[in-house]
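Student: I would like to go through the labels used for this model and the values behind them.
Tutor: Then we start with the model itself.

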Amino acid sequence: MHAWPASEVPALPGKGRDLRIHDTATGGRVTLAPGPVARIYVCGITPYDATHMGHAATYNAFDLVQRVWLDTKRQVHYVQNVTDVDDPLLERAIRDGIDWVGLAERETALFREDMTALRMLPPQHYIGAVEAIPGIIPLVEQLRDSGAAYELEGDIYFSVEADPHFGQVSNYDTQLMRHLSAERGGDPDRPGKKNPLDPMLWMAAREGEPSWDGGSLGPGRPGWHIECVAIALDHLGMGFDVQGGGSDLIFPHHEMGASHAQTLTGEFPMAKAYVHAGMVALHGEKMSKSKGNLVFVSRLRRDGVDPAAIRLALLSHRYRDDWEWTDQVLETAVERLGRWRAAVSRPDGPSADALVEELREALSDDLDTPTALAAVDRWAELQTAEGGTDESAPGLVSRAVDALLGVAL
Ligand code: 5CA
Ligand code: ZN
């Protein structure tokens, strides 16, 4: 699949700091020191509805990870998937009486537009589940042939016992894992499974549902976790730097994905850090396509809201926190954007060298965006109150805010 156009990332004087980030697996901060090419996989959308603020907040967090790496003069190898065949997508297509392929294409196209408008850097590899199927089949065969997977009425399940490190991404207890498995696409109560938590790798063809020739697996379609593993291993290999997504992906998705990959390769860990963004809520409940309590990026754009203000609204919260979207969050961002734009539109101003370092320090400190915004606020206030004589300052602030925060002033 094609991704979306990249906005330019201005180069800043000096060099950024290495990223210290919270790793779910170890439960603490890790300092990431990637090689010259940092590798990141971020779970993409299931395209059955438009991009909402929760999605945008999560992609914003991983965009910042890349901007910090780029500022350390590294290259970034970024891979993202599109879950363009899965139960929720098929169910929505049936509910609306439309073709599931058309639905996925339409919503993926809208996602690309939203990401472009928000200045999110595009992945180098943007891969759909459907196009990944030829690479998924041999992995499932390998797991089955090595005894790490088994058949149940034509479906193929991964045996969580095959991975000695199973459980080390989420560190959740069995009861919680079982509960979340039932809630998030698993089937812990299905009779005949070796372990209730075992996830499906290959689902045998169902009447009225799309299916693909799976060779020795028989006709069917892939499970959710193996989709991301096949794409990540194909394009990044083991031991990549960051596996990213929202906190609702910790279990089962990222736990199972890590176990699949570790069992397939015999290597550990799949990712050096498992990074998870908090959940954005609306009216007290997690924004979710299934509940329908949504604020869409595209709707705000249609209503004339500047995408830079949407981005500032996302940045005003720390990525790991759960937070609530309100009109006030957006109003504050619109107002801040106005102040910043006025401040950089002058021909000169107070020196911005210290500000660049403050931004670097805040972002390298587990993406502390509230502190980063407060630093720009202070420079803008000083500009308004006293001004300054540094002719390079307004341009430097614009470039730094663009390069490090993805906001075009
Ligand atoms: N296709 C899978 C990942 S392989 C999927 O989870 N798709 S999704 O469309 O449901 O979500 C896309 C991304 O947005 C995921 O990282 C998910 O964790 C994140 N996300 C979904 N809802 C919210 C929310 N309310 N707040 C923050 N992030 C969210
Ligand atoms: Zn995924």
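Student: Where is the place of Glu153?
Tutor: Glu153 sits in the loop between strand 6 (149-152) and strand 7 (155-158). This is a predicted model, in which local features need pLDDT of at least 70. Residues are numbered from 1 along each chain as its sequence is written.

Student: What makes Leu367 count as buried or exposed?
Tutor: The relative accessibility of Leu367 is 1%, and therefore Leu367 counts as buried. Leu367 is in the loop between helix 11 (353-364) and helix 12 (369-385). Phi is positive for Leu367 too, about 50°, although Leu367 is not a glycine.

Student: Why are helix 6 and helix 7 called oblique to each other?
Tutor: The axes of helix 6 (residues 224-235) and helix 7 (residues 250-265) come within 8 Å and cross at roughly 55°. Angles under 35 degrees count as roughly parallel, over 145 as roughly antiparallel, 65 to 115 as roughly perpendicular and the rest as oblique. Helix 6 and helix 7 are therefore oblique.

Student: What is the peptide bond from Phe251 to Pro252, cis or trans?
Tutor: The Phe251 to Pro252 bond is cis, with omega near 0°. Pro252 is found in helix 7.

Methods. Chains lettered and ligands numbered in written order. Predicted model: local features only at pLDDT ≥ 70, side-chain atom pairs only at ≥ 80, totals over all residues. Heavy atoms only, no water. Axes fitted to C-alpha atoms, helices over the stretch in contact; angles between N-to-C directions. Helix = DSSP H or I, 4+ residues; strand = E, 2+ residues; numbered from the N terminus. Buried < 20%, exposed > 50% of the residue type's maximum accessible area, 1.4 Å probe, protein only.
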